[in-house]
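Subject: Structure for you to look at

Dear colleague,

Here is the structure I said I would pass on. My notes on it follow below.

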4 protein chains.
Amino acid sequence: MAAGSGFGKNFRVTTFGESHGKALGCVIDGCPAGLVLSEDDLIPYMSRRKPGQSEFTTARNEDDAPEIVSGIFEGKTTGTPIAIIIYNKDQRSKDYSDIADIYRPGHADYTFDKKFGIRDYRGGGRSSGRETAARVAAGAVAAKLLEHFNIKARAYTKSIGPVTINSYDANEINNLYMPDHEAYEKASDYIQSLMKKGDSAGGVIECVISGVPAGLGDPVFDKLDALLSHAVMSIGAVKGVEIGDGFNVSFTTGSQNNDAFIAGSDGNSIKASNHSGGILGGISDGSDIIFRCAIKPTPSISMPQKTVDKDGNQKEIVIKGRHDPVVVPRAVVVVEAMANIVVADAMLGHLGDKIDFMKEVFQNGSSKNSKESKDRS
Amino acid sequence: MAAGSGFGKNFRVTTFGESHGKALGCVIDGCPAGLVLSEDDLIPYMSRRKPGQSEFTTARNEDDAPEIVSGIFEGKTTGTPIAIIIYNKDQRSKDYSDIADIYRPGHADYTFDKKFGIRDYRGGGRSSGRETAARVAAGAVAAKLLEHFNIKARAYTKSIGPVTINSYDANEINNLYMPDHEAYEKASDYIQSLMKKGDSAGGVIECVISGVPAGLGDPVFDKLDALLSHAVMSIGAVKGVEIGDGFNVSFTTGSQNNDAFIAGSDGNSIKASNHSGGILGGISDGSDIIFRCAIKPTPSISMPQKTVDKDGNQKEIVIKGRHDPVVVPRAVVVVEAMANIVVADAMLGHLGDKIDFMKEVFQNGSSKNSKESKDRS
Amino acid sequence: MAAGSGFGKNFRVTTFGESHGKALGCVIDGCPAGLVLSEDDLIPYMSRRKPGQSEFTTARNEDDAPEIVSGIFEGKTTGTPIAIIIYNKDQRSKDYSDIADIYRPGHADYTFDKKFGIRDYRGGGRSSGRETAARVAAGAVAAKLLEHFNIKARAYTKSIGPVTINSYDANEINNLYMPDHEAYEKASDYIQSLMKKGDSAGGVIECVISGVPAGLGDPVFDKLDALLSHAVMSIGAVKGVEIGDGFNVSFTTGSQNNDAFIAGSDGNSIKASNHSGGILGGISDGSDIIFRCAIKPTPSISMPQKTVDKDGNQKEIVIKGRHDPVVVPRAVVVVEAMANIVVADAMLGHLGDKIDFMKEVFQNGSSKNSKESKDRS
Amino acid sequence: MAAGSGFGKNFRVTTFGESHGKALGCVIDGCPAGLVLSEDDLIPYMSRRKPGQSEFTTARNEDDAPEIVSGIFEGKTTGTPIAIIIYNKDQRSKDYSDIADIYRPGHADYTFDKKFGIRDYRGGGRSSGRETAARVAAGAVAAKLLEHFNIKARAYTKSIGPVTINSYDANEINNLYMPDHEAYEKASDYIQSLMKKGDSAGGVIECVISGVPAGLGDPVFDKLDALLSHAVMSIGAVKGVEIGDGFNVSFTTGSQNNDAFIAGSDGNSIKASNHSGGILGGISDGSDIIFRCAIKPTPSISMPQKTVDKDGNQKEIVIKGRHDPVVVPRAVVVVEAMANIVVADAMLGHLGDKIDFMKEVFQNGSSKNSKESKDRS
């Protein structure tokens, strides 16, 4: 499991970088050639993740300006690896020297030391939420690719602490990315009450992917929902993932949970309901893909906590500095990014599923290309 | 995503086979040499999964006798691929001819056709629960390997429908694999009441993995919990996975959810609680690993359901034959198998984490081997 | 490098099995659905590899009857893994007990023991040439797929010992697979003279792959020639691989070695020569792909040889039994198999190279499928 | 085969970057923690590859200063991905505008267009030899790791055109990296005579890897020699690879080619000869690993050549600018780099080969670590 910093088989993303190292970034290998792409396509996604957006996010001052250093020529992808680099600017490493030898509860300090025998303790190093900046950049590229096929992933805050949205209001824009104004106000109050105590909140993010054609995903280990789970659970604070009706299926019966098929007007079938969350047997069924994930409360709290130091001595720790009292809002775009990466990968994977597709490309595709060449001359 | 029938990087399992084809099985590539292994090690696991165990499981008559055809010599693994074959005996393919052209709700019939343009409809073909027999065989090999390191995965039924266990009673043995006698009886009644209506039940499986050393898993995409989620969500009927406190973390606060570290007597640290479920930052923390998954109600029910046929015509379907009214009990050992495979893979991956480990093997290890050679001569 | 028994990314072949175990075989994961396939397609390839064909091959009595146990339904591939099993019949394991503790020069006995600490010594176990039976079966499936695109790999004996063919005569059929009658007769004499001494011969195999479209392969590490080299060098006795003019390029100059491009009548370009062997920059250029590999003399010879036993004692060994005095003729079809696997994999990989190909499949492809459905109803 | 810019399973290198893009570089995923490493370790290797070293190399002015931006903390590797970036400085892109629409013979211009439908034509883009700078940086990291185990790869120019070295003189330092002074002088003359005509030369590079323990590599597809072939053939100009006696084995007999084993004084066995080139059955045998590769003459020559343009029109091309008249000297360190990467990967892979190795790490290794912790406190 060494060498586990890559994800995806066809649209493969490898990330690198620590919170307070020189830079972080990613290499995307397998993005098809011919996609119009520039840094401008990444910025809107990066902005949704970057620190300093509101009272609920850390004040760390980072532009998070991604630089594409390869794989693009004259504004289009060339099919070669797209490397994206984000230099760290506001590093302030000295802030972290006091946690060099002590293990913060709920963080990966202890486990990194056990695994590697050494860790970059500055700001959590590789285990920092900052690592997700590279994912968001890669996800933006995947999103741009999926746009061509009218596929769109849309994630949002479903709940924070005990406050859950009642409905989805696309016009409700707020700094918690919570699409229900009343819920947003309650959640704000809830977070502020915790902030006063130096405590933190968790929540649930929901993601809906629309426009996914039926037939994506693989029958056994690489089921589309299995890959989504892998992708989403790999985000630092996530402790649970569910598809469609998720854990509620345990309470229902087959007759309630099965989605009836309905003959559609265009020859394609639709489902009368979507308990499955758009995936049947690991393969997309043409309905919206819907999943949720649980985000734990930020482990960095300013209340005193019991812990040990590197040498096993009992200690008390009070974590200084300003931290996100809830990571849910900033994680929304990370969840969306991972969803886009998984679906882009599955789209590419589907190309090899039938010999008919190969014929489409090698016979029709080639002749079409030749014709185009001639037209241009 | 073609070529998605393999799982694991170091302990790699590739499965094959359809419900009513000639055989199904797996190839395990990367199992270390020197492990004592025979079919006898697989049987107890296979028995927990096989049909016909009780009134709650399909009456299909299968021995599920796994045959190891490679990778073993004089009772030990040789380091070469271990192929395990399970021939299908009670195939009765004619039973399924009536579903050749019609899509069963909740099944993968429709999505397989969309993906591949063809499907082996006999008993669900590759999407059948029967596919998990190969996983269980592979999981048994992983379990045998982990025994040497005192690692043990133990899965059980946490709930069926609305009935949840109150406590874990290791002495309670029943055909629902539900370790609480009172809950078992209630769950039995619940299932029987559904069976009378031709309906089916879902539930939750919990798995506890004890003895896992701290330091397994990878920091970013291949977090140990991400791999567990991938592994478990890839089991047919699973719709949700959660680690530790799982979805409940969304309601708690940082001060409640963080596990304090306590100085242990032997120099190792322990945690005062285990909300994390044994994984911090994607890496095992030395506590028990605990996760749960939600299993949907069996989609094969005998109540009439609306659906469409291959040509898009509206139809009604009544699924004949005897099916498991609840797959939870038989899925328990499958969940355990996937857990064992993930942990075995992570154990092997950990070997490359530090240059010190390499020195241990290449310097101490080699010299030790040489000495042994001399001793033997 | 544990878990190294698989090859290919899109058309992935995993093999298993030892020379004298119960069975050997392979699992092909990623073969597209819709390919007409049966055991009959494998037999002609298996026959070219099987023992007992002539005076120059071992007399081991094996049918080498491959059995496809999964992945086929009603005569067509379903897109799920194709498992092929070949049971060992004429095992005669006792023949090999005398080499249990002694290392045969030129064989992998010593290195297997060093690697794994244990080995199945019967007939070379996993390192036996018999392992290639599984490759040939997998290669036959790849060949069947490539037929649909008019791609054909054709390997033959280029030389045996000092005897090289002068030209390629497609009508010359002989048991050395040497397409030049005069060379065949000389080579026969050469081998027979070595057989009398209990010695063995080596040779060179050449392979020509025709019909490969331009554009297959990858620019950097997974160049098409790099993958071919990997594939071919992984065959037991191969000690060298060269593409196009191969090692001779070291003597030529740029002006001699560069292939001029010529405007073709149909808008496609052709090359005035083919020093490149059909690959430029790791990507197929539309010309025939040509490569050669060097096969070492069979290490099993009946002349006495110096060696050591497991405990490091000096010994002399005389290898009994009948062995191929030259493995070149039987390796011809193995080389062809590996070439077919590489090209099938590259064909599938090419599908993801351009966003235009994706559009071809998802827009034209889908609509076409829908139309077909309607036509059928 | 999309997504083919990575190499290695355990020590995994992914490269990115074009000749005249902003930057090129690599990400190394899987390098063990605890290795002392800085840019200073890379410089000596980069210097051997960089342009402008002599009259025989292009005058392009590049520092090739690699910057490590992640994976190092306080001078040591942390086990997280090591990203290395090399910014392009002397890009002079306008020099290449004249080859935007025309295909240079012997280059990958035509094949890139066929594959991707678009190409970065500036200096060959991704197919430029400049891509190897990233490999050399990664190889330097692998070399540093291998130093700890006394493993050393050493490549040198074996021949240029018709001039071959007679012996290896470690003290002979020259700009052709040709360790035989007399041969060096003849080769110099040969190249200069070609330069006058605007032509170019090829040659052969040999690499010797000493100190490799027996037991590395995998029995079937991932044989150590197969991986070396893959690695070396993936270097742009390489047209052939051979191990040990290579193509010469075709002329020898088994009795000549087999290496006898000799009882060594220390209980380990040695071979009386090394025709095998240090690899038997795909696994290292403890002798030096020796391989050679053939490098084609630089395709960029200033003599007029026939070619076609993008629209298929017949053209003549004269390639301007100064190019290496022979790439052999600069490729020497690239070959060495790839050898180091393969062996580092195989070293890590070997750790999982035996259950005894696992015990060594998890039992002895852990206890040792704990003890160390105590000592330190």
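Where pLDDT is low, the predicted coordinates should not be read in detail. This is a predicted model throughout. For chain A the mean pLDDT is 92, with 93% of its residues at 70 or more. The complex as a whole is given an ipTM of 0.95 and a pTM of 0.96 by the predictor.

Chains A and B

The interface between chain B and chain A brings 110 residues of chain B into contact with 109 residues of chain A. About 8700 Å² is buried between these two chains, 61% of it on carbon and sulfur atoms. The rule finds four salt bridges across this interface; one of them joins the side chains of A:Asp353 and B:Lys115, at 2.7 Å from N to O. Polar contacts number 43 residue pairs, both residues of each at pLDDT 80 or more. Sorted by class, the side of chain B that touches chain A consists of 47 nonpolar, 41 polar and 22 charged residues.

Chains A and D

Here 50 residues of chain A and 49 residues of chain D take part in the contact. The buried area is about 3600 Å², and carbon and sulfur atoms give 61% of it. The rule finds four salt bridges between chain A and chain D, among them A:Lys22 to D:Glu67 at 3.7 Å, N to O. Nine residue pairs are in polar contact across the interface, both residues at pLDDT 80 or more. On the side of chain A that touches chain D, the largest share, five residues, comes from β2(A). By class, that side has 17 nonpolar, 18 polar and 15 charged residues.

A sheet in chain D

Chain D has an open sheet of five strands in the order β1-β2-β3-β7-β4, paired antiparallel. The edges are β1 (6-7) and β4 (67-68), each with a single partner strand, so one side of each has no neighbour in the sheet. Inside the sheet, β2 (residues 12-17) and β3 (residues 23-29) of chain D pair over six bridges, and D:Val13 has D:Ile28 as its bridge partner in β3(D).

Regards

Key. Residues are numbered from 1 along each chain as its sequence is written. Chains are lettered from A and ligands numbered from 1 in the order in which they are written. Side-chain values use heavy atoms; hydrogens and water are left out. Contact means heavy atoms within 4.5 Å. Buried area is the accessible area (1.4 Å probe) that two parts lose on being put together, summed over both. A polar contact is a pair of N or O atoms within 3.5 Å; within protein, one must be able to donate a hydrogen and the other to accept it, and residues adjacent in sequence count only if both atoms are side-chain atoms. Ala, Val, Leu, Ile, Met, Phe, Trp, Tyr, Cys and Pro count as nonpolar, Asp, Glu, Lys and Arg as charged, and the others, Gly among them, as polar. pLDDT is the predictor's confidence in each residue, from 0 to 100. Two strands pair if DSSP finds at least two bridges between them. Helices (H or I, at least four residues) and strands (E, at least two) are DSSP runs, numbered from the N terminus.
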